[in-house]
Amino acid sequence: MAEAGAGFLEQLKSCVVWSWTYLWTVWFFLVLFLVYILRVPLKLNDNWSSECKVWRNPLNLFRGAEYNRYTWVTGREPLTYYDMNLSAQDHQTFFTCDSDHLRPADAIMQKAWRERNPQARISAAHEALEINEIRSRVEVPLIASSTIWEIKLLPKCATAYILLAEEEATTIAEAEKLFKQALKAGDGCYRRSQQLQHHGSQYEAQHRRDTNVLVYIKRRLAMCARRLGRTREAVKMMRDLMKEFPLLSMFNIHENLLEALLELQAYADVQAVLAKYDDISLPKSATICYTAALLKARAVSDKFSPEAASRRGLSTAEMNAVEAIHRAVEFNPHVPKYLLEMKSLILPPEHILKRGDSEAIAYAFFHLAHWKRVEGALNLLHCTWEGTFRMIPYPLEKGHLFYPYPICTETADRELLPSFHEVSVYPKKELPFFILFTAGLCSFTAMLALLTHQFPELMGVFAKAMIDIFCSAEVRDWNCKSTFMHFEDELDFPPGPQSQHFQN
């Protein structure tokens, strides 16, 4: 009997060693098959192929007058390298063209926008202005083939003034002064290129560049006026700019206008702007969605009480306000924690990711004061915003009013936001225990199969030792039970609770 048991154990050992030695490929393909089956719940395709588009922050601060001052006070860098690199690409797109090499000042600025060192960029801007001073007077003939000449002043370099206003000026007042000089130079270049834009592709590119420069300068001048407390003047400048260049929507000037109108508490004008831009064909933003929610909350928030609403139910106006809040939260679920001051704010980045944490910071940084000004608005938001998540149990797969929530926001926000900020993540990536257990088991099995294939003798010894330990443990348990039964027979314990207690 003992010999038969030993023979069975030897056969079992040989079978295990043989399976681990020659069938490791089966385990490997089993792991691949499991990964293929779980590709949907694990969202592997989205993790590998998705890409989130970042947008220029329409309310971005001034580097010299605001971002750098924060660094001087705290010693922290509010902007990431990725964010500043995106800004450099924007400047090259908006402020340069292929014919810049024809004008020495523009050629210098073309290199300056690519320069990484801030001091080198500022020095290049000063150099561009000095070259214009040296070459400011040129002789041009009044009439072709004539000997009559006149002295003509070359225009100043508008983009050089832009760079100095953005990065060298340490106050908003200094930045505004430099932007006014840039406006004088940029307006002259725009008028000249406007007359020549139909003379060829080169002149058309110059006109497009000069248009971008002029719009940027006027927009920043309006933002300077808003910062310095001249809000009505800023509103007028923004309205005139949108009327003069209605097709240039890439700067999102309407979001600057909405913020300024909220500061004036001109809620009727805010509603008129929303009626024009809160359209299904336009890209939504947190500013549009949450401003619409604020206006509807303003109509009911001063008298809203959660206890009274639970007793009598929500009125039509209250239901509209709650639905507007749910709509805004579905678009960007990170904003409420900043508005309710459950998370601390930081300076907004120069670029934002729509529906991401970066957009939430940029919105709350400028609009928190507007929500506080409306009595009861934050209380209504606090009581209702979490109900959005019950309407969308699987936000990565299906949305309610918008597209499913993009899974790539966390990665992009970590590149846009500084390292000292704790990035808000939605939704939390929690995998079921079964998936984690199965993945761990298959990984462990594949590792054993690979080790057995590479080191068959060593793994055979290991398997034999494990089986011996297991068998010896079984034998010990059987011997203990046999000894106890023999001892019980000798003492002649009657069957009952005492005997059971002794066995335990």
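W371 touches Y290, A293, L294, L339, Y363, A377, L378 and L381, leaving aside residues up to four places away in sequence; contact means heavy atoms within 4.5 Å. The model is predicted, so local features need pLDDT of at least 70 and side-chain atom pairs pLDDT 80 or more, while totals for chains, interfaces and linings use all residues. Residues are numbered from 1 along each chain as its sequence is written, and side-chain values use heavy atoms, without hydrogens or water.

**Exercise 1.** State which residues have the most contacts inside the largest nonpolar core.

*Solution.* Start with the term: a nonpolar core is a set of buried Ala, Val, Leu, Ile, Met, Phe, Trp, Tyr and Cys residues joined through side-chain atoms within 4.5 Å. Buried means under 20% relative accessible area, exposed over 50%, and partly exposed in between (1.4 Å probe, protein chains only). The largest such core has 96 residues, and M109, I162, F179, Y290, L339 and W371 have the most contacts inside it. A second, separate core has 7 residues, including C52, L353, C408 and A412.

**Exercise 2.** Decide whether C224 is buried or exposed, do likewise for C289, and give the number of disulfides in the structure.

*Solution.* C224 has 0% relative accessibility, so C224 is buried. C289 has a relative accessible area of 1% and is therefore buried. A disulfide is a pair of cysteine sulfur atoms within 2.5 Å; the search of the whole structure finds 0.

**Exercise 3.** Describe how helix 8 and helix 9 pack.

*Solution.* Axes are lines fitted to C-alpha atoms, for helices over the stretch in contact, and angles run from 0 to 180 degrees between N-to-C directions. Helix 8 (residues 158-168) and helix 9 (residues 172-196) pack at about 170°, with axes 8 Å apart. Angles under 35 degrees count as roughly parallel, over 145 as roughly antiparallel, 65 to 115 as roughly perpendicular and the rest as oblique. The two helices are therefore roughly antiparallel.

How values were computed:
Helices (H or I, at least four residues) and strands (E, at least two) are DSSP runs, numbered from the N terminus.
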